[in-house]
Amino acid sequence: MAHYIPADLPTRILHYIDGEFVESISGETFDVLDPVSNQNYATAASGQREDIDRAVAAAKRAFDSGPWPKMLPRARARILHKIADAVEAQDARLAELETFDTGLPITQALGQAQRAAENFRFFADLIVAQSDDLYKVPGRQVNYVNRKPKGVAGLITPWNTPFMLESWKLAPALASGCTVVLKPAEFTPLSASLWATIFQEAGLPTGVFNLVHGLGESAGDALVKHPDVPLISFTGESSTGQTIFANCAVNLKGMSMELGGKSPAVVFADANLDAAIDSTLFGVFSLNGERCTAGSRILVERPIYDEFLERYAARAKNIVVGDPHDPKTEVGALVHPEHYDKVMSYVEIGKTEGRLLAGGGRPANLPDGNYVSPTVFADVAPDARIFQEEIFGPVVAITPFDTDEQALELANGIRYGLAAYIWTTDLTRAHNFAQSVEAGMVWLNSHNVRDLRTPFGGVKASGLGHEGGYRSIDFYTDQQAVHITLGDVHTARFGAENREDIAPVVTPNP
């Protein structure tokens, strides 16, 4: 099969600091592979502590003395809309590069580019419409909330749908008036570098956006520990999140972390089975299964279990695996050989823990590249590793249940709590189950359809804090309470000669 290579690929990927593309001060680099050939196509500057120091200094200068934090919301919004326009204008090129760098199917990469533009539009509109709280005690006091951007935001992003997930952090951080240092995942640095030119042409002031490529243990670690970065937004896996949590504690940094998931999709016997099968297939096999909210554990009520397995496995066998640039492809190549090896190790574990119904290895017609056939295991016990651990690939575990109580116990019986999907036509059951399941987000009779106004985040090992809508603005700003007294102030007169005035005057609650 011919290997598609986009035109005008860079062979060198640089940092972007204080308005300039620069090499690492040390000259260190790392190789960047494409996941179809697993060949190096570029070298990227590998950021070290001194590069992070340089980027943070530029961002702090832009925050302390530059125009961005003090601009009117409408002025910032105009620039954010220009950024969205630029992303939309080159969405095909962005998708082409993203597909080449990540192995995501081209049709799905195009959708992610369009979502990136929408993220900027949403937050541009939000900051213009935003109102802050005001509280009155008639005749006595007015209290209002003054929002202030926190400063330099450290953004650390993952390699799955990188461009879109970068926009998810960049848009609210910039909208709030913060300046930023972005450290993208080392597996997929290509599309992140496009932000620099987009921002520059949209009129973002110099130093507001800074980009440092590099490894987590060098560039990422230095960003998390930097004393001039008051907040860190991180998306990634849970063990890295624990390390970041510990390192942020030294400087008491603000943190928002969206971590791993092992989300249940619960299918009751009264569900619309056709819709449930469509959705649960898409929910785990789209984006190559490399998605945090994947419904990778499917719990099926016993009366429809056998029918569900038969139909689900047949469809999984029919999924088109192939060249990520082919519009017919539904599952492309996993992002990197290291990740391919991890996913394949779980496939082998699964063969000892469940009944293999589909997949189980590499597609026979694809001897090269990081390809894994959509893999379906049935009859998986709740203590199995493939039931408990995040695989982050096109692998699903299916387990039967007999009662609502058992379904809830299975759904909650893991360390993660990011998302849950519930399929039933019983309205009472749907709401009671949704409110009892340990998940930050629940979809009833649907797959992962986002409303950007709602909170995004998990519970338990799936994260800390929420972003989305005003919760993102809350994260990137300090809310300062300002109190104004109306009329006379009645204060106990300590030390006065007239001791009768010593009794405190308590202002009653409004």
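Predicted model: local features only at pLDDT ≥ 70, side-chain atom pairs only at ≥ 80, totals over all residues.
Two packed helices are described by the angle between their axes and the distance between the axes. Take helix 2, residues 73-89, and helix 4, residues 106-129: their axes lie 8 Å apart, at an angle of about 170°. Angles over 145 degrees count as roughly antiparallel, so helix 2 and helix 4 are roughly antiparallel to each other. On the side of helix 2, the residues in contact include Pro73, Ala77, Leu80, Ile83, Ala84 and Val87. Helix 4 contributes, among others, Ala113, Ala116, Phe120, Phe123, Ala124 and Ile127. Sorted by class, this contact has 14 nonpolar, one polar and six charged residues. Arg74 and Asp85 of helix 2 are among the residues that take part, as are Arg121 and Asp125 of helix 4.

The second pair is helix 13, residues 404-412, and helix 14, residues 427-436, whose axes cross at roughly 30° and come within 10 Å. Angles under 35 degrees count as roughly parallel, and helix 13 is therefore roughly parallel to helix 14. The crossing is right-handed. Here Asp404, Ala407, Leu408, Ala411 and Asn412 of helix 13 meet Arg429, Phe433 and Ser436 of helix 14. This contact has four nonpolar, two polar and two charged residues.

Helix 8 covers residues 238-249, which is 12 residues. From first C-alpha to last, helix 8 reaches 17 Å, close to the expected 16 Å. Its buried residues are Ser238, Gly241, Ile244, Asn247 and Cys248. An α-helix has 3.6 residues a turn, so residues three or four places apart point the same way. The cover over the buried residues of helix 8 includes helix 7 and strands 8, 11 and 12.

How values were computed. Residues numbered from 1 in each chain as written. Heavy atoms only, no water. Axes fitted to C-alpha atoms, helices over the stretch in contact; angles between N-to-C directions. Helix = DSSP H or I, 4+ residues; strand = E, 2+ residues; numbered from the N terminus. Parallel < 35°, antiparallel > 145°, perpendicular 65-115°, else oblique. Contact = heavy atoms within 4.5 Å. Nonpolar A, V, L, I, M, F, W, Y, C, P; charged D, E, K, R; others polar. Left-handed = near helix turned anticlockwise from the far one by under 90°. Expected span 1.5 Å × (residues − 1). Buried < 20%, exposed > 50% of the residue type's maximum accessible area, 1.4 Å probe, protein only.
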